[in-house]
Amino acid sequence: MHPLEKDSGSRRGRRLPLPAGPETAVYCKARDYAPGTLIPLHHHPDRHQLVYAESGVLVVRAGMGRWVVPSTRAIWIPAGTGHVVHCIGLVRMRSLYVTPAAMPQAPAGASAVSVTPLLAALIRAAAGVAQPYVEDSRDGRLMRLILDEMQTLPVLPLHLPEPADPRLRAIGRRLERQPDDASTLQDWAARLQVDAKTIQRLCARELGMTFGQWRQQARLLRALERLAVGEKVIDVALALGYESPSAFATMFKRRFGLTPSRFFR
């Protein structure tokens, strides 16, 4: 069982306040993690967090969702949201912690976002800012510009919703362990001893997508994890159940807007 599967709406893991006081609108923390590092379930009670992967891949579980965050992308985590972070490959993590008062229109839910070259450069600079900084200073202006840039980050389709219904959770665990599983909706209906339409209704209600879309998203997010650590497109495509690399590349581009070879540039 994954750590978050034991979580509930009232359990958010360890409470981790930050050393920065409430007068510091933005706090930046830089840490490097070895491949395979698991950061256990925790939450930041008084600050939103933007977790940026300068290199490596982060697999983040927050609430009832799972996000795959490749290098040069980030995940937005609202204050108080419990989350687990798994590092794929060597990860250079750069996190921004923002007071809710500094971003009153901040997104209410977790989401993967694209990081602009400007914001990436600002984050690198912010990692060297000593706390607390003076608002009316170069450091203060740097942090204010970061807040401006964070207001317009485009959301990316790097999210896999996780259902609450135990029947869908059984399917989800199988898709995570074996994403090339070709079981049809009818196969799962027979296995779970329910009508196929029941599974369809559950997928629409809990996931906001069809069974086929759910399985496809699970495969594509697993593909991101494997491609990011240097696996060849042909090996990833065949391992995930696609008939050919071209079929995989077509589906990948349709979903993410870029071919696998261009996505990580």
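1. A word on the model first. This is a predicted model, in which local features need pLDDT of at least 70 and side-chain atom pairs count only at pLDDT 80 or more, while totals for chains, interfaces and linings use all residues. Residues are numbered from 1 along each chain as its sequence is written, and side-chain values use heavy atoms, with hydrogens and water left out.

2. The overall build. The protein chain has nine helices and nine strands; helices (H or I, at least four residues) and strands (E, at least two) are DSSP runs, numbered from the N terminus. The radius of gyration is 20 Å, close to the 18 Å that the globule rule gives for 265 residues, so the chain is as compact as a globular protein of that length. That radius is taken over C-alpha atoms, and the rule is 2.2 Å times the number of residues to the power 0.38. Along the principal axes, the C-alpha atoms fill a box of roughly 65 × 40 × 30 Å.

3. Inside and across the chain. Of the 265 residues, 49% count as buried, meaning under 20% relative accessible area; exposed is over 50% and partly exposed lies in between (1.4 Å probe, protein chains only). Among contacts (heavy atoms within 4.5 Å) between residues at least 6 apart in sequence, 75% join residues at least 24 apart.

4. A helix pair to look at. Helix H3 (residues 166-177) and helix H4 (residues 185-192) pack at an angle of about 125°, with their axes 11 Å apart. Axes are lines fitted to C-alpha atoms, for helices over the stretch in contact, and angles run from 0 to 180 degrees between N-to-C directions. The contact is made by Arg 167, Ala 170, Ile 171 and Arg 174 of H3, together with Trp 188, Arg 191 and Leu 192 of H4.

5. A cis peptide bond. The bond from Gln 131 to Pro 132 is cis, with omega near -10°. You will find Pro 132 in the loop between helix H1 (117-126) and helix H2 (138-150).

6. Two residues with positive phi. Thr 72 is not a glycine, yet has a positive phi of about 70°; its loop runs between strand S5 (65-69) and strand S6 (73-77). At 32% relative accessibility, Thr 72 counts as partly exposed. Gln 193, also not a glycine, has a positive phi of about 60° and sits in the loop between H4 and helix H5 (196-207). With 74% relative accessibility, Gln 193 counts as exposed.
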